[in-house]
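Hello,

Here is the structure I am passing on to you. My notes on it follow below.

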Amino acid sequence: MASRRLLLVLAICRLISTVGLPSELLELGVQGSLTIDPAEVEAASHDFGGLTQTKPLAVLRPDSVQDVVALLRSAYGSDRGFTVSARGHGHSIHGQAQTGSGVVIEMGRMKRENRPVVVGELPPPPSSSSSSSSSSSSSSKRNKEWYADVWGGELWIDVLKSTLERGLAPKSWTDYLYLTVGGTLSNAGISGQAFNHGPQISNVHQLDVVTGKGELKTCSEEKNPELFHAVLGGLGQFGIITRARIALEPAPERVRWIRVLYSDFSTFTRDQEYLISLHEEPASMRFDYVEGFVIVEQGLINNWRSSFFSPRNPVKISSLGATANGGVLYCLEITKNYNDATAANTVDQEVDALLKKLDFIPGTVFTTDLPYVDFLDRVHSAELKLRAKGLWDVPHPWLNLFVPKSRIADFDAGVFKGILGNKTSGPILIYPMNKNKWDERSSAVTPDEDIFYLVALLRSALSSGDETQTLDYLSRQNQEILAFCTKARIRVKQYLPHYTTQSDWEHHFGHKWEKFLQTKMEFDPKGILATGQRIFSPTP
Ligand code: FAD
């Protein structure tokens, strides 16, 4: 009797809580689960930024690509209309994967057995016998090429683990691997390998995409190229990536990881630019990864990515001439990959030859050596440390900018040595990239110069302590930095962009805007997808 009453109460609760759901959703037949469970809805309403929270009407955990197709067909055909946002791992800052008027698809939560990582070899290029001598020489240089077919909601750490079973690994990375393939390909996916391989969006052969009309399309350079290029860096606006074919290379076994320090900014950037200019050289004559960061102040929250200076190698900023330089030091971070069997003896010589060309502060070489996986997964160990201290789940008012090379010194003077005032509340990354490694046909937006820098202010806001670490203070400072760039005419582009007006978006995309708009009209005419980006509003 008691249990029958409980069932009745549950049924009534369910009825009340589904009031307001579009009827199409109530009738949607999916193999996975479409739920209004408050805990699932709550979880889908958060992101890493912790700055906004929007609860969806429901959450879909797909069981297959067909579930994604069914949901989008239903949204497209719905009279009342509802929106659909793919959520990767929810590591956006400003609610980009959230939606308040529809369904969030938890892409990462499909059953593991339904999303195997399939590794294969690309077919050889068409015979070069009839082609010109230059193309035949380039194709003869071409080694075997491998790929992995992966589910769009796969975490990069899991892609790595699977491909390593075949001795292979993706070529281009992000610094942190607990991000999804679909999430980073919707932005660009950058790290210290980008100067050489380009961003992750330059290392994709093919995609399966479910458009805003509910059509499942395979696209590549050859097939549906308009959709392919639009989706890469497309902020989720044209379709949901359900499968990506990622370029692989043989995985090295170990990494020599080196840091050197500078007190002079122009020497630091000159060396960084020299190192990325070596991208056409054979691997033995260049580094595999080039990044860098600004050291404005020390402490765990500022240096959580920099595990190996201390305690074995304590750096005393005051002893390195930084005080005379507004208290700022710059750290160049480079790596060399190698295999024990073939290069253990030569790696030292190769590193030494490259270091000799650089002009860092003498005596500031910090070296460590570790397995390739540990290097790629380095930020995760920092995450665990911060979690243990309750410093991970805090608001993150991050600001990521692409700064043209011609103005990076002005940015240094105005921001690192000016606006920040010796306080950072998080690591500041700075490294250059070669624009020719980015495909202009993608939706990603970069400054109009051959070389541009990523400047990433990865800030954590704390509720107690210093006023300069509060969310209000850091958010205001971000606005101040953007206003400074506008006033000084430094034509920065936001990476992981966040704008709230259409005119700001038009300005962001610049000459790509018209095409972006046209492609949106073609593949998501009702504006159903990724409304959390705040580029378009849904139309009935
Ligand atoms: P989400 O935040 O869940 O989604 C991002 C956007 O993509 C949303 O609009 C969403 O709707 C859309 N989307 C998600 N999945 C799909 C899909 N399958 N198809 C279509 N659209 C989709 N970025 C770098 O480039 N380099 C780094 O080194 C780097 N390091 C980071 C470190 C940390 C600790 C964090 C928190 C972020 C970092 N990022 C970095 C940023 C990261 O690339 C973005 O957060 C990105 O959004 C990926 O996160 P996600 O997979 O959780 O996607």
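Helix H15 (residues 408–419) and helix H16 (residues 471–487) have axes that come within 10 Å and cross at roughly 155°. Axes here are lines fitted to C-alpha atoms, for helices over the stretch in contact, and angles run from 0 to 180 degrees between N-to-C directions. Helices (H or I, at least four residues) and strands (E, at least two) are DSSP runs, numbered from the N terminus. H15 and H16 are therefore roughly antiparallel to each other, a term used for angles over 145 degrees. Gly414, Val415 and Ile419 of H15 make the contact with Gln477, Glu480, Ile481 and Phe484 of H16; residues are in contact if their C-beta atoms, placed from the backbone, lie within 7 Å.

This is a predicted model: local features need pLDDT of at least 70, side-chain atom pairs count only at pLDDT 80 or more, and totals for chains, interfaces and linings use all residues. Residues are numbered from 1 along each chain as its sequence is written.

Next, the sheet. Eight strands form an open sheet in the order E14-E11-E13-E12-E16-E17-E15-E18, with antiparallel pairing (two strands pair if DSSP finds at least two bridges between them). Strand E14 (365–371) and strand E18 (493–494) are at the edges with a single partner strand each, so one side of each has no neighbour in the sheet. E14 runs antiparallel to strand E11 (residues 254–262), and seven bridges join them. Trp257 stands opposite Thr368 in E14.

Last, the ligand. It is surrounded by 37 residues, and the closest are Gly88, Asp175, Gly182, Gly183 and Gly236 (near means a C-beta atom, placed from the backbone, within 6 Å).

Regards

Notes. Parallel < 35°, antiparallel > 145°, perpendicular 65-115°, else oblique. Contact = placed C-beta atoms within 7 Å.
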